[in-house]
Every structure is written in C-alpha cells, then in structure tokens.
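Trainee: I would like to learn how to read the features of a model one at a time. Please take me through them.

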Amino acid sequence: MKIDNKDIGAKIKFYRQQQRLTQEEFAEIIGVSPGYISRLERGIKRASLETLVEISRTLDVTLDALVGIRSQKEIECVMELSELLVLCNEYEREVILDTMEAMKGSMIRNRNKI
C-alpha cells in the first residue's frame with residue numbers, strides 16, 4: 001500500500017482551514033515551523049506518527065480522517081459536503097442531515113423495486 005502524501009496534505013489543509021487557523025497559528029500550536037506545515041500540506045514532507053496524532057488532536061479529527069484510504073471520489077464528496085455544511089447554522093445542518101438520513105432510508109427500502 002502506497003501512502004499518498006499529497007492526499008494527506010490536502011486533508012490537513014482542509015481541516016486546518018475548517019478550524020480557521022493559518023499555517024503559522026497551526027504550526028505554533030503543534031510545535032513545528034510554518035514551513036514544515038507548508039511542506040506537509042503540499043505533500044512534499046511526510047509527517048511522523050507522533051506529528052499526525054498531534055495534528056488529529058489539534059484539528060479534532062480522527063487519524064482515519066487524515067490517512068484513511070478512500071477513493072478520490074469519496075474524498076471529494078466528503079469535502080464538498082463539509083464545505084456546504086460549514087456555511088450553515090446549527091438548525092440548517094440538522095435539517096439537511098435529517099433529510100439525507102430519510103432519503104437514504106427510503107432508497108434502501110425501495111432499492112429492490114427498481
């Protein structure tokens with residue numbers, strides 16, 4: 001299995017931006033240089049396990065969210081949905097998630113009818 005540093009870097013950047021942290025602020029929190037964060041996010045540098053754990057704690061995401069093996073299509077879908085949901089207030093997010101759950105339930109119940 002090949003580790004895709006660019007993919008991990010893109011996820012780190014995405015979650016860092018979700019937390020509204022600059023590279024400089026993020027670097028200071030986890031105890032590295034801003035240049036190191038830049039290289040991580042561009043996929044030039046590979047983070048150690050210890051650094052990945054600190055990144056996941058700081059960004060409040062699981063290690064799987066950072067390094068999990070998913071298809072590019074799945075990653076793009078999750079990122080697109082996350083970007084949309086972050087623009088919503090709490091009520092709007094609840095309505096969207098409830099609607100999606102109801103739609104998925106309906107699709108599961110009716111998948112044999114097609």
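**Salt bridges and burial**

Mentor: E41 has a relative accessible area of 7%, and because buried means under 20%, E41 counts as buried. Keep in mind that this is a predicted model.

Trainee: Which side chain does E41 meet in a salt bridge?

Mentor: A salt bridge here needs a side-chain nitrogen of Lys or Arg within 4 Å of a carboxyl oxygen of Asp or Glu. The partner of E41 is R16, with N to O at 2.5 Å. The pair links distant parts of the chain, as E41 is in helix α3 (residues 34–41) and R16 in helix α1, 25 residues apart. R16 is buried as well, because its relative accessible area is 6%.

Trainee: How many salt bridges are there by this rule?

Mentor: The count is two. D7 and K11 form a salt bridge, with 3.3 Å between the closest N and O atoms. D7 and K11 are four residues apart in helix α1 (residues 5–18), so about one helical turn separates them. Both residues, D7 and K11, are buried.

Trainee: Next, the surface. Which residues form a nonpolar patch there?

Mentor: To join such a patch, a residue needs over 30% relative accessible area. In this model the patch consists of L81, L84, I96, L97 and M100, and together they have about 390 Å² of accessible area. Two elements give two or more residues each: α6 (72–86) and α7 (90–110). The largest share, three residues, is from α7.

Trainee: Is L97 buried, partly exposed or exposed, and why?

Mentor: L97 is partly exposed, because its relative accessibility is 39%. Its place is in helix α7.

Trainee: What is the volume of the largest pocket, and which residues are closest to its centre?

Mentor: The volume is about 250 Å³. The lining has 21 residues, of which I3, D4, I8, L66 and V67 are the closest to the centre. Elements that give two or more residues to the lining are α1, α5 (63–67) and α6. The most comes from α1, which gives six residues.

Trainee: How does the lining of the largest pocket divide by class?

Mentor: The lining has 10 nonpolar, four polar and seven charged residues.

Trainee: What is phi of D60, and where is D60 found?

Mentor: Phi of D60 is near 60 degrees, again a positive value in a residue other than glycine. D60 is in the loop between α4 (49–59) and α5. With a relative accessible area of 68%, D60 counts as exposed.

Technical notes:
Residues numbered from 1 in each chain as written. Predicted model: local features only at pLDDT ≥ 70, side-chain atom pairs only at ≥ 80, totals over all residues. Heavy atoms only, no water. Patch = residues over 30% accessible without salt bridge, like charges linked within 9 Å, V, L, I, M, F, W, Y side chains within 5 Å. Areas by Shrake-Rupley, 256 points an atom, 1.4 Å probe, with all protein chains shown as cover. Buried < 20%, exposed > 50% of the residue type's maximum accessible area, 1.4 Å probe, protein only. 1 Å grid on protein atoms, 1.4 Å probe; cavity = no way out; pocket = protein on both sides within 12 Å on 5 of 7 lines; lining within 4 Å. Points joined across faces, edges and corners; volume = space filled by probe spheres on them. Nonpolar A, V, L, I, M, F, W, Y, C, P; charged D, E, K, R; others polar.
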